[in-house]
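Biologist: Hi, could you walk me through this one? I'd like to talk about charges and contacts.

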Amino acid sequence: MTETTAYRTKKSNETSSKGQTAFYRNVILPSKTYKEKHKLPLNQIKNAATAYEQQSILQKEDTEKFRSSLKRQLSIDMLRHGYHNSFRELCAILTWQKEDRERLGAEHPLHERPLLDGEPDKLRFLCSHLNKAEEAERRCQYSNMYHNYLELASYFLKSDDRWLSDSFYEKSLSVAQTYRQLDPQLAAEAHLNVGLAYERRGDLMKALHSFIKYRQLSEDYEQLKADASLQLTRLYMKLAERRTDNESLQYVVKAYEASTQSDDKKVENETSYKLGQAYVEHGNIDLALKYLHKYYDYCQQVNDDEGFGQASEALAICYQKKANVEKSTEYLTQYLQKVSDKEGDTQYARACSALGFIHNTLSQYDSAIQSLSKAYSISLANSHVDLERNRVLFGIAHGFKLRPFFDDHIDRMNTKELLQWKCTRHESFLTKPKP
Amino acid sequence: MATTELVYPLAFPKSVVHKCEICGKTASRMCSKCRVTYYCSEEHQTADNIGIHDKICSTLASLRLKQPFLPSEEERRERDREIRDRKIHLVEVTRMIGERHVFQDRFEAAVPAALASLKLAIEVYGPRSVELIPSYLILSEASLGLKQLNQCWEYLSQAQYTILQQQQHEQAPLAITSQLSRNMAQLSIARKEYDEAARHLANDIYDASLFYGTEHHKVAGGYFLLGKVFKLMNRPEVTESLYTQVTQMWYNFLRRLLQTRVVFSDMDAILGKKDDDNGDELTNSSKLDLSTEAEAFNTLQILLNYRLETQQTNPMTQELNKIHHCLTILYFLARDYIQVHDSMNKIKDCTIQDIEDDQQRILKFLEQLGQMKALMKRQQQQN
């Protein structure tokens, strides 16, 4: 059996260090060091008791908070206060997100954003507003409920969670629809929001339906009505851009109709301009003329120079297509006059190039060259966007001018002279009268 | 009791002390049929007999007998395994019997049954296993029914401690934690601590939703109790919305059951089989087991009373019709056909199309059943 004495028995030949007895070293010193190691600073010991008492007692629920995930905590809070619908909606949203991700496969870029589970701010916001909505529903304050859903939708729009914000817009719409008698204005607004959501997603047909409903519902409210017409106009133009040919023309017509119903003259006339252009594209010059004239007059009224320029150009082209030379030159010269005080301006360049284009088509190459040279020099000086266009037109004018002579030379098989001309490219070579 | 035999504690061998099944005191009586169950008094013996012993007497005899020595290790292992399996089976049987007693409000009979299941489970799984918890829950329900709140609290704490003692990575099955929370909530309600009860129910509903899905009928029990709590806390609007939800859940569940059941029966009617035995051949999902049935009955009755109470202030006839319809389906599935007609007649001004469809189906089925019965009678007469 091993010895189990309290202290170590000292071997007799061991000498004590520092003149201490064996007893002191073996018994007293170890116990002192033991105490030293575990002794707290004096003031802490004094305060320990009071500190302990001052510590707040954790309730059972607080301890549970440390043990559970945020989702669990929030759900339990919601359920405790009786908001079971909010709880079920939260569960549905989270499972929907997970299923969506699984459906899209593992490689989809959407996966890089964290799951809603992991974003505490969003979860908290979502839960608190769902609770408010449920409370409002219980008290039959449906406008409150609607506004809560709206807030949720805009919050998620800001944080770029389109899927959530779209679903909340649709919820607000359903609330507004079921309680339409109370406040039809909300229903109209709801349709607007849903329409915008569809547009953002790129689903233009559905957006169109929503906007049409918005328009219908806002019959009695002036401001909303105007807004509705504007939205409709915009959407029709978008649709027209997307589709081709016949359908696009119809859409532009509808856009114009919608714009007439709004009170905004500017939009109305811009739409009439676009309509005119569309008709020109489709070859229906007369109708085009009608609308373009409208735009022209409006621009004159409002002193919109750029618009005026556009209108004049368009009108000139139309008349030229109708082979009505005087009228087109008339419009163009008017345009020129109006902008002639701003010589170096882009407007002037455009005017000149338009004039030159008309002359080109009318085979008046000299005057064409004149105006086009002006346009070209201006746009060179300003490095304007239309530079390429002017360059090309200028070249075309020159080319057309020289063409008959060119043909002549070819007929006569005068290749030597042609070659010479090619070397120098000087006009006189070709236009020299032949013996 | 007829099957009792007096035994003398001093007559046993030195280390052998037989304890009473119920209370654990030294036993002086023995059941003479199985000869392995001991009791300390006549009351305990009758209580145990009514509760459970009647049904498991013979099984216990074979399980508790001293096993003879078997020469080979393999044979011993085989035998141990067999005994263990039988014990497990018996645990389930006793648990179900205990549950049935609880549903039929026979709490004194439930206690011996639950105790038996607990003892067997301890023998099989050990005293700290999670498998013991359902037995504890039955015991707690029984003691709650007998108004022994402290006893109930003890059992529930024991169950909760078992769960807490589990290793961190092994989460106890959510169904069990949800049931435990539900019972704790019932205890809190009995103790009038409504906030505690609400918290427990929140835990219960969360676990149950996670496990079964948010629209399952098992979660409806939690919602139902929560509604009761809010009613006691004087917040009727919450109760209203919760009870509506409960009604909806049971409604969906029962309608689904009805559809599977009636479809099945249609098929067999076409094939010319008898309808009465169909109930046993259905798959599990479309069966209505006893506990669910009892729960449904209780819940629907209370909901019905609630609706009738609030009808003066807030008439929701559609909700009332839904409840009546649920009851109709329940009676139908329990083959209580007289009640079916009674219940159907109570539905007035029903605007929900689904209810109309279901009623048509039920009536058609009953007709067919009647025809079948007439056919069978005629056949019998011919023979």
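Biologist: What should I keep in mind about the model?

Modeller: This is a predicted model, where local features need pLDDT of at least 70 and side-chain atom pairs count only at pLDDT 80 or more, while totals for chains, interfaces and linings use all residues. Residues are numbered from 1 along each chain as its sequence is written, chains are lettered from A and ligands numbered from 1 in the order in which they are written, and side-chain values use heavy atoms, with hydrogens and water left out.

Biologist: Great. How many residues from chain B and chain A make the contact?

Modeller: Chain B gives 22 residues and chain A gives 18, with contact meaning heavy atoms within 4.5 Å. The two chains bury about 1800 Å² between them, and 57% of that is on carbon and sulfur atoms. Buried area here is the accessible area (1.4 Å probe) that two parts lose on being put together, summed over both.

Biologist: Which residues in chain B lose the most area to chain A?

Modeller: They are B:Arg199, B:Asn203 and B:Tyr206, which together make up 34% of what the chain B side buries.

Biologist: And how many salt bridges are there between chain B and chain A?

Modeller: The count is 1. B:Asp207 and A:Arg72 meet there through their side chains, at 3.4 Å from N to O. For a salt bridge, a side-chain nitrogen of Lys or Arg has to be within 4 Å of a carboxyl oxygen of Asp or Glu.

Biologist: Which element gives the largest share of the chain B side?

Modeller: That is α7(B), with 9 residues. Helices (H or I, at least four residues) and strands (E, at least two) are DSSP runs, numbered from the N terminus.

Biologist: Switching topic: how many salt bridges over all chains?

Modeller: A search of the whole structure finds 15. One of the pairs is B:Glu5 with B:Arg35, at 3.2 Å from N to O. This pair links distant parts of the chain, 30 residues apart: B:Glu5 sits in strand β1 (residues 4–6) of chain B, and B:Arg35 in the loop between β2 (29–31) and β3 (38–39).

Biologist: What about B:Lys87, which partner does it have?

Modeller: B:Lys87 pairs with B:Glu123, the closest N and O atoms being 2.6 Å apart. Here helix α2 (residues 73–103) of chain B holds B:Lys87, helix α3 (residues 107–125) holds B:Glu123, and the two residues are 36 residues apart.

Biologist: Is B:Lys87 buried or exposed?

Modeller: B:Lys87 counts as buried, at 16% relative accessibility, whereas B:Glu123 is partly exposed at 46%. Buried means under 20% relative accessible area, exposed over 50%, and partly exposed in between (1.4 Å probe, protein chains only).

Biologist: Where does B:Glu240 lie, and where does B:Arg307?

Modeller: B:Glu240 is in helix α9 (residues 236–271) of chain B and B:Arg307 in helix α11 (residues 290–310), so their pairing ties together parts 67 residues apart in sequence. Their salt bridge is 3.1 Å from N to O, and both residues are buried.

Biologist: Which residues are linked in a network of salt bridges?

Modeller: B:Glu21, B:Arg64 and B:Lys119 are.

Biologist: Last one: which residues form the nonpolar patch on the surface?

Modeller: A:Val392, A:Ile396 and A:Phe400, with about 220 Å² of accessible area together. Accessible areas come from the Shrake-Rupley method with a 1.4 Å probe, and for residues only the protein chains shown count as cover. Patches are made of residues with over 30% relative accessible area and no salt bridge, joining like charges within 9 Å and nonpolar side chains (Val, Leu, Ile, Met, Phe, Trp, Tyr) within 5 Å. A:Val392 lies in helix α19 (residues 387–411) of chain A and is partly exposed, with a relative accessible area of 49%.
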